[in-house]
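Subject: Handing over a structure, with notes on what was found

Dear colleague,

I am passing on the structure below, and I would be glad if you kept it open while reading the notes that follow it.

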Amino acid sequence: MSRRQRWERQYVRALVLCDLLAGIAAGAVTFGLRFGDEVTTYNRSYLWLSALLPLALLAVLVVSRAYERRFLFVGTDEYQRVFRGGVGLIAGVAVVSYALDLDLARSYVLAALPTAMVSAVVLRFALRKRLHIARSRGERLRRVIVVGHELSVIGITRQLRRERYHGLEVVGACLPPDHDGVIDLPVFGTFDDVATAVDAADADTVVVLSCPELDGAALRRLAWRLERDEVDLVVASALIDVAGARTTIRPFDGLPMLHVEHPRLHGGARIVKDLVDRVGALALLVLFGPLLLAVALCVRVTSRGPVLFRQVRVGRDGSEFRIFKFRSMYVDAEARLAELRHLNEHDGVLFKMRDDPRVTPVGRWLRRLSLDELPQLLNVIAGQMSLVGPRPPLPSEVAVYADDVRRRLAVKPGMTGLWQVSGRSDLSWEETVRLDLRYVENWSLSLDLVILLRTMTAVVRSSGAY
């Protein structure tokens, strides 16, 4: 068994343990809240149901393929399969209880099963964050040989080094026979030397980039050669930031055709998202009510001016609205922008300064903890923003957008998003745009949930917040 296979098996075992713990905790908590700590003749059957809940949860997750390695480690497929398994379990219990005319308390079912499902997702998320931290230290990485032309190899290597949480460490390359060899990687030969390169570099994964020399027959022969040593073969698509949920392999006369679905920008899914946004924002507004009052008091006492800062931003399809934030700058901040413009530390249309003199002392703490963003919950309730989405831009920024960048306006802007949880102001303008466009193209409710969970860790780290 290879090093990669050993740690992947350990990871799957940890997932099974987490899911069992989620089921045990959900069953115990629900039974305790519903019946207390006394076992009677009436609730003895519910005690057995609570004991069987972890095994039932494990079974539905196996059926929904939530333990298959191709769905783990990165992406939202893993969480989607957990949700599908949980919904299937709820539906199965409902059908069985109706068919057999079981006297089963609906409050118990509607409390225990969703709690188990949500707990499983949270524990899996924590386990994945632990894996990503290990990968940032250079552990549990796949050793990759990249096969393709120089420019493509350089591009994919730069991206994989930037996003190490994917777990792919490029250790070498195989280039065409007429290459000039000017790349920052060991070159292990040409396309005919891939199998030898795998042995020489102790690699466990081969990534083949799009190039005319490697047609279907050549890829098939390469797959046969790598199969003997159980080396993974990954064929990189020329599509940019298109998630797997939008792609389907459809055979046509023996040829595998990649069908790409359009992103879900309208329809029922968007109605569900709007409903979740408004209900979630209202709940958060009630939950953070005391904190909002405390922050408002601090802003009011420590500096002259209004508590809330209002500014025109551009929303979905170019519509303008006024955004609400706690004021973190002095009242003359807009007037002083021109004299500080030459000190901009950002490489795009945004203006960012680490030590902006216009920011108040309290404002620095508000920005570091992202507390200045909380009044935007009012914008979410009003339907102008979403909990998750691209950054809400200024009209002056939109005026200089390139055509590709305007794609960000196809959805509502969000209080948090991929760029916020990936580094915020520390990211380049190109990377910020790429992350926002990735979200627009691949939106899903499970992706929103992952971003919301990652937002909490990003706020704690406070990296890129200034």
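The buried residues of helix α6 (residues 194–201) pack against β1, β2, β3 and α7 (216–227), where packing rests on contact, meaning heavy atoms within 4.5 Å, and buried means under 20% relative accessible area, exposed over 50% and partly exposed in between, with a 1.4 Å probe and protein chains only. Helices (H or I, at least four residues) and strands (E, at least two) are DSSP runs, numbered from the N terminus.

Please bear in mind that this is a predicted model, in which local features need pLDDT of at least 70 and side-chain atom pairs count only at pLDDT 80 or more, while totals for chains, interfaces and linings use all residues. Residues are numbered from 1 along each chain as its sequence is written, and side-chain values use heavy atoms, with hydrogens and water left out.

The helix on the sheet

Which residues of α6 are buried? They are V194, A195, A197, V198 and A201, and they cover an arc of only 160° around the axis, taken from the directions from the helix axis to the C-beta atoms, which puts them on the same side of α6. The face turned away from that buried side carries the exposed residues T196, D199 and A200.

After α6 comes D202, which lies in the loop between α6 and β3 and has a phi near 55°, a positive value in a residue other than glycine. At 47% relative accessibility, D202 counts as partly exposed. A positive phi is also found at D317, about 60° although this residue is not a glycine; D317 has its place in the loop between β7 (308–314) and β8 (320–326), and at 64% relative accessibility it counts as exposed.

The sheet

Strand β1 (residues 142–147) has five of its six residues buried, so it is largely enclosed by the rest of the structure. β1 pairs with strand β2 (residues 168–174) in the parallel sense over six bridges; within β2, the bridge partner of R143 is E169, and that of V147 is C174. With strand β3 (residues 205–208), β1 pairs in the parallel sense over four bridges, and here V147 stands opposite V208. Together β1, helix α5 (residues 150–162) and β2 make a right-handed β-α-β unit; a crossover is right-handed if, with the strands pointing away from the viewer, the path from the first strand over the helix to the second runs clockwise.

Cysteines

How many disulfides does a search of the whole structure find? The search finds zero, a disulfide being a pair of cysteine sulfur atoms within 2.5 Å. C211 is in no disulfide, and the nearest cysteine sulfur, that of C174, is 11 Å away. C211 is buried, with a relative accessible area of 9%, and C18 is buried as well, with a relative accessible area of 13%.

T30 is found in helix α1 (residues 3–35) and, at 7% relative accessibility, counts as buried. Not counting residues up to four places away in sequence, T30 touches Y108, A111 and A112; the C-alpha atoms of T30 and A111, 81 residues apart along the chain, are separated by 6.5 Å.

For the chain as a whole, the secondary structure comes to 15 helices and 10 strands, and buried residues make up 44% of the 466 residues. Residues 24 or more positions apart account for 69% of the contacts with a separation of 6 or more. The C-alpha trace spans about 75 × 70 × 40 Å along its principal axes.

With best wishes

Key. Two strands pair if DSSP finds at least two bridges between them.
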